[in-house]
Amino acid sequence: MILSLDDIGGDPMKLPKITQQNFRMLLPAKIAMTVELIAQHEQIMPIKAMMNFYHSRTYSSLEKEATKFWWMSPLQLFREYEWEMEDV
């Protein structure tokens with residue numbers, strides 16, 4: 001979804017409201033960087049790290065806009081994932 005100035009009321013300083021529909025634009029880069037951190041830390045292949053992350057509570061929370069996990073940096077998401085894995 002590409003927004004124009006008209007979509008945000010013509011004010012370049014006003015950002016569009018993040019909703020369940022549009023927040024997913026933020027996720028791919030965060031997921032990729034988080035998976036890279038997991039793969040490096042656990043010394044596993046990135047595909048395995050990705051599958052582990054996709055099956056985690058951390059990812060489940062990330063994909064819900066209301067949790068605001070999308071505000072977290074990849075490092076914060078990695079730390080959350082680590083804490084979750086310690087509890088398993």
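Helices H1 and H2 are roughly perpendicular to each other. In this predicted model, H1 covers residues 27-42 and H2 covers residues 46-54. Two packed helices are described by the angle between their axes and the distance between the axes. For H1 and H2, the angle is about 115° and the axes lie 8 Å apart. Angles from 65 to 115 degrees count as roughly perpendicular, and the pair is therefore placed in that class. The crossing of H1 past H2 is right-handed. On the side of H1, the contact is made by Ile31, Thr34, Val35, Ile38, Ala39 and Glu42. On the side of H2, Pro46, Ala49, Met50, Asn52, Phe53 and Tyr54 take part.

The chain as a whole contains four helices and zero strands, which gives the pattern α-α-α-α when read along the sequence. It has 88 residues, and 30% of them are buried. Its accessible surface comes to about 6300 Å², and carbon and sulfur atoms account for 61% of that area. Among contacts between residues at least 6 apart in sequence, 56% join residues at least 24 apart.

Most residues other than glycine have a negative phi. Gln43 has a positive phi of about 50° although it is not a glycine, and Lys68, also not a glycine, has a positive phi of about 65°.

Is Thr58 buried or exposed? Buried means under 20% relative accessible area; Thr58 has 3% and so counts as buried. Leaving aside neighbours within four places in sequence, Thr58 is in contact with Phe53, Phe69, Leu77, Glu80, Tyr81 and Glu84. One of these residues, Glu84, also has a polar contact with Thr58, in which the two side chains are joined at 2.7 Å. Another, Phe53, belongs to the H2 side of the contact with H1.

Note on methods:
Residues numbered from 1 in each chain as written. Predicted model: local features only at pLDDT ≥ 70, side-chain atom pairs only at ≥ 80, totals over all residues. Heavy atoms only, no water. Buried < 20%, exposed > 50% of the residue type's maximum accessible area, 1.4 Å probe, protein only. Polar contact = N/O pair within 3.5 Å; in protein donor to acceptor, adjacent residues only side chain to side chain. Contact = heavy atoms within 4.5 Å. Helix = DSSP H or I, 4+ residues; strand = E, 2+ residues; numbered from the N terminus. Areas by Shrake-Rupley, 256 points an atom, 1.4 Å probe, with all protein chains shown as cover. Axes fitted to C-alpha atoms, helices over the stretch in contact; angles between N-to-C directions. Parallel < 35°, antiparallel > 145°, perpendicular 65-115°, else oblique. Left-handed = near helix turned anticlockwise from the far one by under 90°.
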